[in-house]
Amino acid sequence: MTATPRTPLSGQPSHTSLTTGGLPTHEATPDASSLLEGASLSPSRAADFKTCPLLYRFRAIDKLPERPTPEQARGTLVHAVLERLFDLPASERTLEQAITLLPGEWERLRVEQPDLVELFTEEADWATWLESARPLLASYFTLEDPRRLEPAARELMVEAVLDGGLRIRGIIDRLDVAPNGQVRVVDYKTGTVPRQAFEGRALFQLKFYALVLWRTRGVVPRVLRLLYLRESETLDYTPDEAELVRFERTLRALWQAIERAIRTQDFRPAPSRLCDWCAHRSLCPAHGGTPPPFPDLTLGMAL
Ligand code: SF4
């Protein structure tokens, strides 16, 4: 594994409490645990619930559509290029090659994700936007030399069933495995949310992956690494077994809280700085909005 600048971390990231505010509760659904049978928890949705239960509801239960913003689309594109880069022979993994991959990956994504097509109506806007992905790729090359890396996996789908039946799953940007078997989980961050506002959520996501890997492979990852491409910063975290045991307990408690919220149809808003990036602000009571009626989960909605 290559050495990169690192910021050591210690302790647990802080998170917004699970419930705040005082909205009235609604009529209960018949049996939340049976409704959740077969459901799974991803790090994104788990972090949503921790950040704001109402945001979780909007995304996981109401399944309200969220049109990608140009920034989100740029992140998707940069992720795609960084994945594709490792298809090239090691000696060809240069910044110039990465930039060459941009238009082709964008075309591929547009086919796979039709809502991206509507992002740009003017050719000039698209060209400017595409150009804006270059600094993120340039930043990546200041953090790592991909010619010296052979990832064990990219865009790796992982899933584990915890004691008690909770299924957790997610997609890991990149997994590196050293010759001595040590595992490193790498996640690329390209967003415009300030790192400080985002760091707890990002680490939660990496611990989630670490737990899945530990449960499925029996190995605690040596390093959880976040590459912040906007700020050209690397942030490393080293988990240990005791911490992952605690984290597993946290996830179970979180799942119970989700079950409880479904049973009571009580998902409260938890306003924070992240409201500025929330796609559903206009429906949020904390900002003067009204949520849609709670869906009928007995209709077999997948969570
Ligand atoms: S606007 Fe803020 S409080 Fe409301 S749902 Fe979104 S994140 Fe939660």
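**Notebook: core, ligand shell and selected residues**

I began with Phe208, which, once its neighbours within four places in sequence are left aside, is in contact with Pro43, Ala46, Ile168 and Gly170 (two residues are in contact if their C-beta atoms, placed from the backbone, lie within 7 Å). I note that this is a predicted model, in which local features need pLDDT of at least 70 and side-chain atom pairs count only at pLDDT 80 or more, while totals for chains, interfaces and linings use all residues. Residue numbers start from 1 along each chain as its sequence is written.

**Entry: confidence**

I checked pLDDT, the predictor's confidence in each residue, from 0 to 100, and found a chain average of 85, with 83% of the residues scoring at least 70. Over residues 1-30 the pLDDT is below 50, although this stretch has 59 contacts in the model beyond near neighbours in sequence. Where pLDDT is low, the predicted coordinates should not be read in detail. Confidence in the chain is lowest in helix H1 (residues 32-35), with a mean of 58, and highest in helix H7 (residues 134-143), at 97.

**Entry: overall make-up**

I counted the secondary structure of the chain as nine helices and six strands, where helices (H or I, at least four residues) and strands (E, at least two) are DSSP runs, numbered from the N terminus. Of the 303 residues in the chain, 29% are buried; a residue is buried if 20 or more other C-beta atoms lie within 10 Å of its own, exposed if 12 or fewer, and partly exposed in between, with C-beta atoms placed from the backbone. Among the contacts in the chain with a separation of 6 or more, 73% join residues 24 or more positions apart.

**Entry: the largest nonpolar core**

I then returned to Phe208, which, with Val78, Val81, Val185, Leu206, Tyr209 and Ala210, touches the most other members of the largest nonpolar core, a set of 56 residues. A nonpolar core is a set of buried Ala, Val, Leu, Ile, Met, Phe, Trp, Tyr and Cys residues joined through C-beta atoms within 7 Å. Helix H8 (residues 195-217) gives the largest share of this core, eleven residues. Domain 1 (32-63 + 151-288) and domain 2 (70-148) both contribute residues to this core, so it lies between them; the domain bounds come from an automatic or database domain assignment.

**Entry: the ligand shell**

Which residues are closest to the ligand? I listed Cys52, Pro269, Cys275, Cys278 and Cys284 as the closest of the 14 residues that surround the ligand, a residue being near a molecule or strand if its C-beta atom, placed from the backbone, lies within 6 Å of it. The shell divides into eleven nonpolar residues, two polar and one charged, where Ala, Val, Leu, Ile, Met, Phe, Trp, Tyr, Cys and Pro count as nonpolar, Asp, Glu, Lys and Arg as charged, and the others, Gly among them, as polar.

I looked at helix H3 (residues 53-61), where seven of the nine residues are buried, so H3 is largely enclosed by the rest of the structure. The buried residues of H3 are Pro53, Leu54, Leu55, Tyr56, Arg57, Phe58 and Ala60, and what covers them includes helix H2 (43-51) and helix H9 (241-264). Lys63 lies in the loop between H3 and helix H4 (70-85), and its phi is near 50°, a positive value in a residue other than glycine. Lys63 is partly exposed, with 13 other C-beta atoms within 10 Å.

**Entry: residues in the strands**

I found another positive phi in a residue other than glycine at Glu155, near 45°; Glu155 lies in strand E2 (residues 153-161) and is partly exposed, with 13 other C-beta atoms within 10 Å.

Not counting residues up to four places away in sequence, Ile168 touches Ser40, Leu41, Ala160, Leu162, Phe208, Val212 and Leu251. Ile168 and Leu251 are 83 residues apart in sequence and 9.1 Å apart in space, C-alpha to C-alpha.

In strand E4 (residues 183-189) I noted Arg184, which counts as partly exposed with 19 C-beta neighbours inside 10 Å. The C-alpha atoms of Arg184 and Val223 are separated by 4.8 Å, with the two residues 39 apart along the chain.

Last, I looked up Tyr228 in strand E5 (residues 223-228), which is buried, with 21 other C-beta atoms within 10 Å. Tyr228 and Leu136 are 92 residues apart in sequence and 9.1 Å apart in space, C-alpha to C-alpha.
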